[in-house]
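Hi,

Here is the structure I promised to pass on to you. Could you open it alongside this note and have a look?

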Amino acid sequence: MSRIVYVNGEYVPEEEAKISVFDRGFLMGDGVYEVSSILDGKLVDNDAHLARLERSLNELNMGWPCTKEELVDIQREVIRRNDVEEGAVYWQITRGAADRDFVFPKDAKPSLVMFTQARKIVDVPAAKTGMSVITVQDIRWHRRDIKTVQLLAPSLAKMEAKAAGADDAWLVEDGYVTEGSSNNAFIITQDGTIVTRKLSNDILHGITRRAVLKIAEQEGLKVEERSFTPDEAYDAAEAFITSASAFVMPVVKIDNRILGNGVPGPIASKLRELYIEMAKAEAK
Ligand code: PDD
């Protein structure tokens, strides 16, 4: 079944969607994006995703293609037109089309593209089995706090993980884990402390990360926002990742070292359950 996607003011079947070959998103990776998850046909933590989008746009001196309210209307319309109950809505804003030049164009109109991806997020096998990761070198640029469409480095990292028989990659810089290829990385120490890298330009400021840390705090769990090494991760009691597309997903193997008894641990499993409960209750 063909999806209806949104491209610069029009809703069209995906085969008919067109974007200029001069679009700077296509030529230069000059664009930003967001992914909000959909549960029961409603958007999860969407205001936070819109706020991060605004920050990404501001950091790159890029304009909005429409108002925030119009953008939300388009989100709801693509979800409605594609009848998505569970999955994600992806949207991307680029600086627009202009003759190729490293200098930003003065009068290009920002492009907006949006589409849905229907898929299960809650009831997935990996939540019961846990996932495996390998560590790879973080070769990305230094503004990972901006959610740009330049995703070749994380894509290569993920391919390296797949080639090694793992599900995903954790990226390592100067001996410390930054984050996952498309998620934030957490470990839980043997004494039950949740450890995740603190916010900086080194990582994306995950929306799910923030919600999960709030839940952890409400549950009275100890949290340390600091860097950790792969060695510390090997010795962890549990580990997990967070993202809009996976929510909280337990990690049971890191570089072929099995954590605990190789199944999702109690804290990661509980955080997943509590996050899903909250997301369902607050989706709108
Ligand atoms: N990725 N870190 C990176 C590098 C990411 O790409 C993502 C999200 C996250 C988690 O952020 P959030 O909790 O706000 O989704 C962390 C999205 C899902 C993607 O690229 O598909």
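Below is what turned up, starting with the sheet and ending with the ligand.

Please keep in mind that this is a predicted model. Its six strands make an open sheet, ordered 2-1-6-5-3-4, with antiparallel pairing. Strand 2 (10-13) and strand 4 (42-43) are at the edges and have a single partner strand each, so one side of each has no neighbour in the sheet. Further in, strand 3 (residues 31-39) and strand 5 (residues 87-94) run antiparallel and are joined by eight bridges.

Two helices are worth a look next. Helix 2 (residues 46-59) lies across strands 3, 4 and 5, at about 180° to strand 3. Helix 3 (residues 68-82) also packs on the sheet, touching strands 1 to 6, and its direction makes about 35° with that of strand 6 (111-118). From first C-alpha to last, the 15 residues of helix 3 reach 21 Å, close to the 21 Å expected. Its buried residues include Leu71, Val72, Ile74, Val78 and Ile79, along with the polar Gln75, Glu77 and Asn82.

Now to the ligand, which 19 residues surround; the closest are Tyr33, Arg52, Glu179, Thr208 and Ala244.

- A ligand nitrogen atom is 3.2 Å from a side-chain N or O atom of Lys147.
- A ligand nitrogen atom is 3.3 Å from a polar backbone atom of Ser182.
- A ligand oxygen atom is 2.8 Å from a polar backbone atom of Ile207.

Best wishes

Key. Residues are numbered from 1 along each chain as its sequence is written. This is a predicted model: local features need pLDDT of at least 70, side-chain atom pairs count only at pLDDT 80 or more; totals for chains, interfaces and linings use all residues. Side-chain values use heavy atoms; hydrogens and water are left out. Two strands pair if DSSP finds at least two bridges between them. Helices (H or I, at least four residues) and strands (E, at least two) are DSSP runs, numbered from the N terminus. Contact means heavy atoms within 4.5 Å. Axes are lines fitted to C-alpha atoms, for helices over the stretch in contact, and angles run from 0 to 180 degrees between N-to-C directions. The expected span of a helix is 1.5 Å times one less than its number of residues. Buried means under 20% relative accessible area, exposed over 50%, partly exposed in between (1.4 Å probe, protein chains only). A residue is near a molecule or strand if one of its heavy atoms lies within 4 Å of it. A polar contact is a pair of N or O atoms within 3.5 Å; within protein, one must be able to donate a hydrogen and the other to accept it, and residues adjacent in sequence count only if both atoms are side-chain atoms.
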